Amino acid sequence: MLKSKTFLKKTRAGGVMKIVREHYLRDDIGCGAPGCAACGGAHEGPVLEPQPLDPASSLCPQPHYLLPDTNVLLHQIDVLEDPAIRNVIVLQTVLQEVRNRSAPVYKRIRDVTNNQEKHFYTFTNEHHRETYVEQEQGENANDRNDRAIRVAAKWYNEHLKKMSAENQLQVIFITNDRKNKEKAIEEGIPAFTCEEYVKSLTANPELIDRLACLSEEGNEIESGKIIFSEHLPLSKLQQGIKSGTYLQGTFRASRENYLEATVWVHGDTEENKEIILQGLKNLNRAIHEDIVAVELLPKNQWVAPSSVVLHDEGQNEDDVEKEEERARILKTAVNEKMLKPTGRVVGIIKRNWRPYCGMLSKSDIKESRRHLFTPADKRIPRIRIETRQASTLEGRRIIVAVDGWPRNSRYPNGHFVKNLGEVGDKETETEVLLLEHDVPHQPFSQAVLSFLPKMPWSITEQDMKNREDLRHLCVCSVDPPGCTDIDDALHCRELENGNLEVGVHIADVSHFIRPGNALDQESARRGTTVYLCEKRIDMVPELLSSNLCSLRCNVDRLAFSCIWEMNRKAEILKTRFTKSAINSKASLTYAEAQMRIDSAAMNDDITTSLRRLNKLAKILKKRRIEKGALTLSSPEVRFHMDSETHDPIDLQTKELRETNSMVEEFMLLANISVAKKIHEEFSEHALLRKHPAPPPSNYEILIKAAKSKNLEIKTDTAKSLADSLDRADSPSFPYLNTLLRILATRCMMQAVYFCSGMDNDFHHYGLASPIYTHFTSPIRRYADIIVHRLLAVAIRADCTYPELTDKHKLADLCKNLNFRHKMAQYAQRASVAFHTQLFFKSKGIVSEEAYILFVRKNAIVVLIPKYGLEGTVFFEEKDKPKPRLFYDDEIPSLKIEDTVFHIFDKVKVKIMLDSSNLQHQKIRMSLVEPQIPGISIPTDASNMDINEPERKKKKIEK
Amino acid sequence: MASVALSEAEKVYIVHGVQEDLRVDGRGCDDYRCVEVETDVVSNTSGSARVKMGHTDILVGVKAEMGTPKLEKPNEGYLEFFVDCSANATPEFEGRGGDDLGTEIANTLYRIFNNKSSVDLKSLCVSPREHCWILYVDVLLLECGGNLFDAISIAVKAALFNTRIPRVRVLEDEEGSKDIELSDDPYDCIRLSVENVPCIVTLCKIGYRHVVDATLQEEACSLASLLVSVTSKGVVTCMRKVGKGSLDPESVFEMMETGKRVGKVLHTSLQSILHKEESLGPKRQKVGFLG
């Protein structure tokens with residue numbers, strides 16, 4: 001049966017369009033209940049259970065299915081995801097509405113419906129002949145949908161009655177809309193609100209915590225005092241943005257100061273790109289990553305970004321006055337130049353809430369059900385949740401979702417979602433940091449695994465088509481110890497004409513991952529392999545990463561080779577790319593390779609090949625540095641793990657050998673050669689990597705810091721920076737150079753992937769190369785897979801596909817890859833930080849020498865060279881008298897009492913694990929030397945718990 | 001225009017018949033052929049109608065679009081006419097063959113609607129000088145069987161009667177910038193009053209007499225005809241002579257009188273049939289193009 005659906009739509013240009021769609025009604029759509037004779041099993045996918053026994057509800061003891069409406073699905077998805085809730089009918093009407101209103105919830109409900117065990121059934125009521133309803137006169141779209149849901153619920157009840165009279169199967173309609181519920185009961189449909197139903201599940205009391213608190217009654221009890229100004233409605237915001245009175249941007253809360261945030265204004269306007277917001281009222285309930293509309297304040301109210309470090313620690317909910325006082329601290333006298341555009345949030349355009357990891361701060365009042373939740377991410381405000389299991393949740397990492405932020409509440413309201421495990425537990429903490437950095441880490445799905453090659457695998461005739469057999473070459477790989485995903489191998493041999501042939505062989509991952517299949521899509525989503533201290537989250541399934549693609553020794557492997565003919569001066573005479581088959585003769589570690597090169601006794605093929613490579617690499621490196629490539633430094637730490645407990649037992653900075661740089665040089669060379677080739681072939685859609693030159697203002701801190709040590713750093717070009725860094729040496733202070741290089745690293749921009757057709761600046765600043773890409777690690781980076789595909793097409797070894805030559809698709813891909821890379825980096829750092837904590841937990845308290853890296857208004861940031869550890873020493877503590885602080889922004893220096901701290905000053909700090917302080921265990925550093933009475937800690941560690949008793953006392957006073 | 005070739009004898013037969021008030025198909029001189037009208041035949045228009053009159057087959061679609069009012073009439077909307085002569089109607093229309101006829105018909109339609117009373121153009125204005133509704137009236141000739149003008153004017157009137165324009169509200173903020181808001185109820189719309197929309201009555205001078213609703217054969221026998229557009233109250237809004245022959249004032253006067261008389265009857269029967277169709281509601285079985 002054919003119907004047509006008509007609706008009106010407003011176009012962007014302001015016109016009105018009438019859209020007519022054909023709509024087919026069918027009579028062969030099954031109800032989803034197995035054993036239903038009328039439908040005859042005409043349904044696919046997971047179906048309902050014939051006899052739903054659980055959950056036992058006190059409201060309706062007989063077996064029943066649930067049928068939730070749109071709002072229940074949208075807001076109570078956490079409840080529905082619970083394993084206790086099963087046998088739910090999801091109507092198509094509901095699903096469509098959810099899809100329009102919230103993409104994340106839609107994705108979650110799709111996942112649930114796909115789960116066999118949950119017995120969720122999607123009923124396509126809109127196409128069912130008996131449940132289709134047409135919009136009536138005087139009825140708006142919402143009313144129609146509500147009616148459609150009721151009609152479907154009614155149909156179900158009648159339909160099930162027909163099926164078996166003795167069974168008494170019922171469909172219960174769940175809605176939070178009072179009117180809708182009344183109407184349903186009038187029509188004879190059993191209906192409850194979500195709260196009523198969940199509370200009736202006596203066997204699962206913990207479900208109540210997961211209910212999102214949306215009930216208006218709950219808010220009435222709260223103090224009626226309104227803290228925040230109202231958010232303007234969307235239509236007004238859009239008008240304001242159109243007329244330019246408001247600016248639209250992404251809200252970014254400050255990590256260091258909870259009363260400050262910046263808004264990155266969308267669009268191309270040069271001025272007012274970044275707007276500062278200060279104070280709770282101006283932040284107006286915006287949460288990190290929200291899209292907001294801001295209004296600029298008049299110029300006389302503009303402020304400068306404060307350098308105060310401020311953490312929200314207030315336990316009491318509504319001490320707003322105190323907040324204002326705090327806000328005043330921020331507004332110190334600053335010179336005119338420092339003032340930045342300042343604004344306030346007038347409305348939220350789009351919330352970007354996600355479930356947050358963190359911990360519960362239990363309320364001081366006993367038996368209180370309301371508690372504050374402190375997220376692990378400092379940029380997220382604390383969230384108020386209601387739970388009865390506070391005591392069990394204490395000391396555990398939990399996930400909480402935000403429901404809303406009323407105007408009269410200091411904190412947003414939320415509800416408990418999931419208990420991850422105990423704090424400090426390695427598994428839990430790893431899970432937390434993966435979740436917090438949005439790293440996809442679920443095991444690979446069956447669909448993905450189905451595209452893996454069947455084992456046992458060997459190279460076939462077919463594989464050798466378009467492929468060169470290089471198995472006779474003496475290829476070897478050099479990697480860090482314990483590496484199982486070997487993606488590069490090298491060889492070097494002498495040619496008859498006296499020149500050298502150098503080959504870089506990269507695992508041919510694109511041979512196994514074919515474009516567009518589930519495996520490819522999943523890899524593209526993950527973007528990169530994430531290396532944590534004791535765990536690796538693979539981008540491709542293990543069979544590929546550690547076996548078929550890994551260029552292990554003495555097995556035949558497929559590779560993509562880049563072969564140069566070079567003379568002895570390392571000048572490239574010829575470059576050639578080919579797909580190949582290789583058989584590595586040795587998998588060496590850096591240390592082993594170094595040993596072979598150094599020991600005069602060894603003269604086998606592999607060793608001579610390594611020696612030649614090493615020689616060439618040195619020339620290549622020299623030439624690169626002459627061109628202005630930067631050698632930067634960042635403290636990198638490595639843990640020695642206990643093989644049994646996997647606890648870190650020692651911490652040391654990474655050691656660099658000649659062989660490290662040897663491999664690196666050839667990888668750089670291969671990347672550059674490939675970049676040139678693919679850009680030559682595909683000028684519009686080559687995937688390249690660029691490193692933009694930082695704006696001069698970025699270097700200010702470096703120049704100032706060097707000046708304080710009477711050194712001059714030139715930053716006009718990369719070359720002059722490299723040269724002046726090389727010159728910057730002080731005989732009395734050997735570590736200075738490293739410190740300057742660390743600072744220089746912080747001045748740099750992020751290197752990013754981009755599509756050549758979308759940009760015209762290709763320069764790689766750090767490597768001083770006009771063009772660059774990533775080709776050498778396809779096992780762990782998706783960008784390399786795309787580059788492999790491009791190169792394969794360029795040398796006609798593989799065929800192309802439409803997405804590969806679509807520059808907009810490629811640009812989207814680059815965006816995701818850049819995001820994943822950034823997140824992977826953060827996750828790595830977080831993992832190191834956590835292991836550092838574990839290390840110091842076992843080590844106790846240590847005093848170490850440190851250098852000041854940055855000076856802040858009320859703190860100094862120090863670096864401990866021995867551990868490569870960075871930390872902040874605070875000088876203002878809550879319970880102590882405030883010391884006299886004087887901060888000079890120009891030098892920069894901080895004067896405390898009578899001691900002045902400059903950047904790069906050497907200090908001695910005490911490091912300990914601070915677990916006294918609530919949620920976050922953190923490495924706490926306090927000053928030992930120079931001694932400042934009342935601030936530094938005496939050298940002897942006898943009264944280490946100095947903070948502990950005081951804090952306890954404080955609590956009692958409250 | 002589409003025409004048929006007739007022999008001299010056939011012409012004489014027709015002319016003599018008309019003389020006796022007896023036409024080839026049995027009608028009298030003032031009789032219309034049987035007219036079939038159906039509205040709401042094209043679902044993605046704002047209003048549509050199809051009219052069949054003997055072998056003449058016309059489809060009219062009205063599309064309402066948001067636009068800006070004309071400078072000289074800042075608080076009125078307006079109508080645009082476009083006539084497409086399908087090559088299905090007659091092979092002569094192939095290529096650009098139908099363009100001249102199309103423009104001629106469109107111009108005639110502009111002329112008969114070019115007065116204040118025919119359609120309430122003010123009701124089409126959303127906000128003066130800024131937004132108004134433009135009604136694009138698209139006429140499609142599916143088959144030509146004589147008397148195109150009358151059939152088209154009937155179809156236009158029926159389509160305008162059927163037209164539903166979505167109701168919009170103008171939101172104005174403090175700065176004075178305006179935005180239009182659309183109601184999400186598809187039934188929430190405005191209707192046009194077609195009370196004063198005129199119909200064309202074409203009177204063909206055949207021999208000493210004149211006939212209404214001439215067939216192609218009859219048109220071939222006529223040297224001159226008069227188009228009279230008449231409202232339901234019998235008011236003549238426009239008049240035009242077509243054909244290469246001439247008319248003496250006395251017969252023009254006679255033809256006008258007949259036009260008024262026949263026009264009034266035409267309007268009443270059209271009006272009653274449209275209301276009857278409307279009263280059937282959405283449950284009406286549609287005939288469409290397959291019937």
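Q: Where in chain A is the place of Asn567(A)?
A: In this predicted model, Asn567(A) sits in the loop of chain A that lies between strand 24 (556–566) and strand 25 (572–589).

Q: Is Asn567(A) buried or exposed, and why?
A: A residue is called buried when its relative accessible area is under 20%, and Asn567(A) counts as buried because its value is 16%.

Q: Which residues does Asn567(A) touch, not counting residues up to four places away in sequence?
A: With those sequence neighbours left out, Asn567(A) touches Asn499(A), Leu573(A) and Leu616(A).

Q: What area is buried between chain B and chain A?
A: The size of an interface is often given as the accessible area lost when the parts come together. Here the area buried between chain B and chain A is about 1700 Å², and carbon and sulfur atoms give 54% of that area. The contact takes 19 residues from chain B and 20 residues from chain A.

Q: How many residue pairs are in polar contact across the interface of chain B and chain A?
A: The rule finds 2 residue pairs in polar contact across this interface, both at pLDDT 80 or more, while the count of salt bridges between chain B and chain A is 0.

Q: Which strand of chain B gives the most to the side that touches chain A?
A: Strand 3 (56–67) and strand 9 (178–182) of chain B each supply at least two residues of that side, and strand 9 gives the most, with 3 residues. By class, the side of chain B that touches chain A has 9 nonpolar, 4 polar and 6 charged residues.

Methods: Residues numbered from 1 in each chain as written. Chains lettered and ligands numbered in written order. Predicted model: local features only at pLDDT ≥ 70, side-chain atom pairs only at ≥ 80, totals over all residues. Heavy atoms only, no water. Helix = DSSP H or I, 4+ residues; strand = E, 2+ residues; numbered from the N terminus. Buried < 20%, exposed > 50% of the residue type's maximum accessible area, 1.4 Å probe, protein only. Contact = heavy atoms within 4.5 Å. Buried area = accessible area lost by both parts, 1.4 Å probe. Salt bridge = Lys/Arg side-chain N within 4 Å of Asp/Glu carboxyl O. Polar contact = N/O pair within 3.5 Å; in protein donor to acceptor, adjacent residues only side chain to side chain. Nonpolar A, V, L, I, M, F, W, Y, C, P; charged D, E, K, R; others polar.
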